[in-house]
Amino acid sequence: MAPPQGNETGKTGIGESPGNRTRPARGISRRTVLAGLGALGAAGTIGVAGCSRVPTTGKAGEGNLLERIRAQNTVRVGIAGEVPYGYINDQGELTGEAPEIAKVIFNRLGVENVVPVPTEFGSLIPGLRSQQFDVVSAGMYINPQRCEQVIFADPEYVMLDAFIVPKGNPKGLNTYEDIVRTGAKMATGTAYAEIEYAVAAGVPRDEMLILPDQVAGLAAVEQGRADVFAGTSLTVRLVVEGSDRAESTEPFQPMVDGEPAIGAGGFAFRPSSTVLRDAFNRELRRLKESGELLEIMRPFGFTEDEMTDLTAKELCAS
């Protein structure tokens, strides 16, 4: 999911966002996106403020979180209602690449019940830090700014960016530099990493239209309030399906200071939850080594191209 490179307390990636080079799986419609967001709205949002810096290690007060969730047989996961990362489907069920991974791993850790806690993307880290849920299960991009506030398991995917544009892409917008060149009106999501990618390319921050999510982004482009909406390639392709006024561009690699901005998404934990994070990471590595991880993610449009051997340590230091 799109991650912000800057202050997180208040998508980034990401939306989060390097990755998909193929058409997403069928069966995930705009109606499903709206259903997930509807469930999110019904549950309300979590607006707890978070500190900008916390220790990245330590067990004070929460070293036995794994034991606690095992005893309760339940883990609460924060999601942001974004297809294909983590959302509520038309049947009111928790799904998405991250929740489906969570179901498998927590079951192997002795926890059967994975309970969703929907919130806005920008509230995921504050909600986690205030113990509204136990883990962020939303495909959140891993970057140094976020690593100052939470600890991550290793990423399960990498993802490229793409744009929602009017049919025919009349302004020829395929990169952030094209937005600068044409003076196009850009929109993106709250706390999305795409904000910082665009700023790095020269798009004025105060001229961007910041919207709640990709569905609002599609509407803005269709209605002419924005020339382009920036998000992760897979999310963008999914949300434009069925639109007769908008389309998605080809995925591209965003650059920051001349270097590729790697959008790799993973599970986030409180800094005190090292025991739980390490146990989760061990099971995640087994899924990667066996090839089962890709099979879990494939129904959501992920391919071998999005699989990664990057580690959270590498991404936190980049």
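These legends go with close-up views of a predicted model.

**View 1. Helices H3 and H10 cross each other.**
Here you're looking at H3, which covers residues 97–108, and H10, which covers residues 274–290. Their axes come within 10 Å and cross at roughly 110 degrees. That angle makes H3 roughly perpendicular to H10. As for handedness, the crossing of H3 and H10 is right-handed.

**View 2. Side by side, the residues where H3 meets H10.**
From H3, the residues in contact are Ile101, Val104, Ile105, Phe106 and Arg108. On the H10 side, they meet Leu276, Phe280, Glu283, Leu284 and Leu287. Sort them by class and you get eight nonpolar and two charged residues, with no polar ones. Arg108 in H3 and Glu283 in H10 are the charged pair of names to look for, since Asp, Glu, Lys and Arg count as charged.

**View 3. Cys147 and Cys316 form a disulfide.**
The structure holds one disulfide, so this is the one to zoom in on. The sulfur atoms of Cys147 and Cys316 sit 1.9 Å apart. With -70 degrees about the S-S bond, this link is left-handed. Cys147 lies in helix H5 (residues 144–147) and Cys316 in helix H12 (residues 312–317), so the pair ties together parts that are 169 residues apart in sequence.

Cys147 is buried, its relative accessible area being 7%. Cys316, by contrast, is partly exposed, at 27%.

Terms used: Residues are numbered from 1 along each chain as its sequence is written. This is a predicted model: local features need pLDDT of at least 70, side-chain atom pairs count only at pLDDT 80 or more; totals for chains, interfaces and linings use all residues. Side-chain values use heavy atoms; hydrogens and water are left out. Axes are lines fitted to C-alpha atoms, for helices over the stretch in contact, and angles run from 0 to 180 degrees between N-to-C directions. Helices (H or I, at least four residues) and strands (E, at least two) are DSSP runs, numbered from the N terminus. Angles under 35 degrees count as roughly parallel, over 145 as roughly antiparallel, 65 to 115 as roughly perpendicular and the rest as oblique. A crossing is left-handed if the near helix is turned anticlockwise from the far one by less than a right angle, and right-handed if clockwise. Contact means heavy atoms within 4.5 Å. A disulfide is a pair of cysteine sulfur atoms within 2.5 Å. Buried means under 20% relative accessible area, exposed over 50%, partly exposed in between (1.4 Å probe, protein chains only).
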